[in-house]
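These are my notebook entries on one structure, written in the order in which I looked things up. The structure comes first, and the entries follow.

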Amino acid sequence: MNIMVTGATGFIGQELCRKLVLQHNFVNALVRSEKMDEPQLKYFTGSLTDKASLKKCMLGVDCIVHLAGRAHILKDQADDPIVEFRKVNVEATMVLASVAKELAIKRLVFISSIGVNGSETVMVPFNEKSIPKPNTPYTLSKLEAENGLVELLGMSDTDLVIIRPPMVYGTCAPGNFARLLKIVSLGIPLPFGSVKNKRSLISLSNLVDFIILCTSHPQAAGEIFLVSDGEDLSVSEIIGSLNEGMKGELKIFPFPSILLKFMASCLGKSNVYQQLCCSLVIDSRKARSYLGWTPKLDTASSLRLVGSEYKGK
């Protein structure tokens, strides 16, 4: 296949492009300026809002994987964050989709976020039928982009596939997972022994495999998928697996969760507390039943591998 990838130089994009090439696909990578050291990719420099650049990059393309977006802004300095998120995640996505529709590209795979469903689960896991409840400018912009794509491509020749992954982990992951890796590597005792939560995660490798499957599987057309490794771990189990991979001697001690939450709020780190200590569980059976997909790597082993690779950097 000939596949166009936006966000090709990002955390997910680099691994996706690498695997696509290994599987003998042709890859058109839309980049702003920087390029990866991958001679088998065909690079196109341009903007998501520049229709001329987009048309050049889409020439001969069967499928577009849209990864580019505004995310992982730990300290957003924008005067009005939602305006900035909409410019990139909604308006630019609509330009991309309009060109894809005009050129009758066969499929567009849009990488959204589980945050569209909400920030935490209490009793019932999220699934594809759960009512969306985004509660940040980023996740709201992702839902608006999803809705815009459904409306624009609904009756067109371009199939739409939407994927909502939870936290994606890997050695070079950005955002809060990068922070967690650094904290675990320091070996200092951590106060998560009293936290009894469950988190669904997906490894970079498993997510990329699923994205590639969605580029061509006929049953994926017009569908939304919530996808994870299929195992749900507590923050203590996540840290423990990373620590095993680092061969560290980190200790996790009990500390009242309510005080942890209060301290995080005082330090302006409520989002970090929520991602680590609250539960967010995904029911990803649809991905398995519709597409016959099975994650190749289990979560605990993958986390140990990430810990080992991070320690060896």
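I began with Ala 104, which at 38% relative accessibility counts as partly exposed, since buried means under 20% relative accessible area, exposed over 50%, and partly exposed in between, with a 1.4 Å probe and protein chains only. Ala 104 sits in the loop between α3 and β5, where helices (H or I, at least four residues) and strands (E, at least two) are DSSP runs numbered from the N terminus. I noted that Ala 104 has a positive phi of about 55 degrees, although it is not a glycine.

Before going further I wrote down that this is a predicted model, in which local features need pLDDT of at least 70 and side-chain atom pairs count only at pLDDT 80 or more, while totals for chains, interfaces and linings use all residues. Residues are numbered from 1 along each chain as its sequence is written, and side-chain values use heavy atoms, with hydrogens and water left out.

His 24 has a positive phi as well, of about 70 degrees, and is not a glycine. I located His 24 in the loop between α1 and β2 (26–31), and with a relative accessible area of 71% this residue is exposed.

Next I turned to charged pairs. Side chains of opposite charge can pair when their charged atoms come close. Taking a salt bridge as a side-chain nitrogen of Lys or Arg within 4 Å of a carboxyl oxygen of Asp or Glu, I found 13 salt bridges in a search of the whole structure.

One of them joins the side chains of Lys 55 and Glu 102, at 3.1 Å from N to O. This pair links distant parts of the chain, with Lys 55 in helix α2 (residues 51–57) and Glu 102 in helix α3 (residues 81–102), 47 residues apart. Lys 55 is partly exposed, at 34% relative accessibility.

I then looked up Arg 107, which forms a salt bridge with Asp 159, their closest N and O atoms being 3.6 Å apart. Here the link between distant parts of the chain runs from strand β5 (residues 107–111), which holds Arg 107, to strand β6 (residues 159–164), which holds Asp 159, and the two residues are 52 residues apart. Arg 107 is buried, with a relative accessible area of 6%, whereas Asp 159 counts as partly exposed at 31%.

Asp 209 is buried at a relative accessible area of 12%, while Lys 296 counts as exposed at 66%. Salt bridges that share partners join Lys 19, Asp 209 and Lys 296 into one network.

For helix packing I used axes that are lines fitted to C-alpha atoms, for helices over the stretch in contact, with angles running from 0 to 180 degrees between N-to-C directions. The axes of helix α1 (residues 11–22) and α6 come within 10 Å and cross at roughly 60 degrees. I therefore recorded α1 and α6 as oblique to each other, because angles under 35 degrees count as roughly parallel, over 145 as roughly antiparallel, 65 to 115 as roughly perpendicular and the rest as oblique. The axes of helix α7 (residues 235–246) and α11 come within 6 Å and cross at roughly 45 degrees, which makes α7 oblique to α11.

My last entry concerns Ala 68, which lies in the loop between β4 (63–66) and α3. Ala 68 counts as buried at 18% relative accessibility. The C-alpha atoms of Ala 68 and Val 21 are separated by 19 Å, and the two residues are 47 residues apart along the chain.
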